[in-house]
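Please look over the model below. A short report on selected residues follows.

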Amino acid sequence: MAKSSVGDTIYVPDNIINAPYFKTMIDAYMSTNEKSTRIDVVLDATPGSKKSLAMVQSLQNQVSYDLKGTVLDSATVAVGGYNAEQADTQQVARASFKKVAILLGVVAAVILMIVSESILQPIYLMGMLGVTYLMSLGFTKWFSGQFMGEKWLTWQTPFLTFMMLLALGVDYSIYLLMKYKQTTGKTKSAERMINASILIGTVIIFAVVVIGISFASLIPSGVLTLIQVAIAVIFGLIIFGIVVPALMPGLMRLTYEGFHFKELRFKHRQNASQENQQK
């Protein structure tokens, strides 16, 4: 370090370098060949919090930037400790979450297409499930900031919430589509969807209550991730259970009966033009 720019501002007297306690410090913070050293940094933030993870990332970037243009430019810099491990895990989890979300979403859509024998119905259900997921995260973030003093979601909350809502939402959607297929007859598609929603309404309400109570039992645990996941899942189930029966009949009418109405109107105009030509 004496030959680097650090030597211009840091000077250690000989009596300190030759002191026994200084040799003990060197052995504790440097390797045997004195080619690597360890620097302990104490953060003024809660371990594992969003602030501490951001400080670790900033510290690593700052060290790499400060060493550029010096004799230590090619040195390897590694940041360790609990916060660094959490930051690395969070970065890997975020990259994996995107791949898992896309894969599971495609698989769920294919399953719904096979069950419903339709392309549009699974698209509607997956779209409403995605909106429900985003709304549940937004509500959980607001609730956590207002009543728990935590303005941010833990990095595990979005992934766990997505897995729970996807499994429960697809299960509910399959049940709804199966009842829709069973309500055959001359009734229109929108009316069939309303009848299917009515048939499974009681079962879904009790299921939401039971699942909500199960997840609510996680709230007294004191673990922030479990509390946020429980709130998000309960809110998401309530929203999804309300949105699907309310919007699906209208979407079915718009998709199938709307096109049928246009076809009838076109035929009416065609018949009217033929009558005019005959006259």
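Buried means under 20% relative accessible area, exposed means over 50%, and partly exposed lies in between, with a 1.4 Å probe and protein chains only. At 41% relative accessibility, V110 therefore counts as partly exposed. This is a predicted model: local features need pLDDT of at least 70, side-chain atom pairs count only at pLDDT 80 or more, and totals for chains, interfaces and linings use all residues. Numbering starts from 1 along each chain as its sequence is written, and side-chain values use heavy atoms, without hydrogens or water.

| Residue | Relative accessible area | Class |
|---|---|---|
| V110 | 41% | partly exposed |
| N83 | 15% | buried |
| L129 | 8% | buried |

**Helix α4.** V110 sits in helix α4, residues 82-116. Helices are DSSP runs (H or I, at least four residues), numbered from the N terminus. I102, V106, V110 and I114 make a nonpolar surface patch of about 390 Å². Such nonpolar side chains are joined within 5 Å, and each residue has over 30% relative accessible area and no salt bridge. A salt bridge puts a side-chain nitrogen of Lys or Arg within 4 Å of a carboxyl oxygen of Asp or Glu.

N83 also belongs to helix α4. Contact means heavy atoms within 4.5 Å. Leaving out residues up to four places away in sequence, N83 touches L43, P47, G48, S52, L53 and V56.

**Helix α5.** L129 lies in helix α5, residues 120-147. Beyond four places in sequence, L129 touches L165, L166, G169 and F240. L129 and V244 are 115 residues apart in sequence, yet 8.9 Å apart in space, C-alpha to C-alpha.

Definitions and conventions. Patches are made of residues with over 30% relative accessible area and no salt bridge: like charges are joined within 9 Å, nonpolar side chains (Val, Leu, Ile, Met, Phe, Trp, Tyr) within 5 Å. Accessible areas come from the Shrake-Rupley method with a 1.4 Å probe; for residues, only the protein chains shown count as cover. Helices (H or I, at least four residues) and strands (E, at least two) are DSSP runs, numbered from the N terminus.
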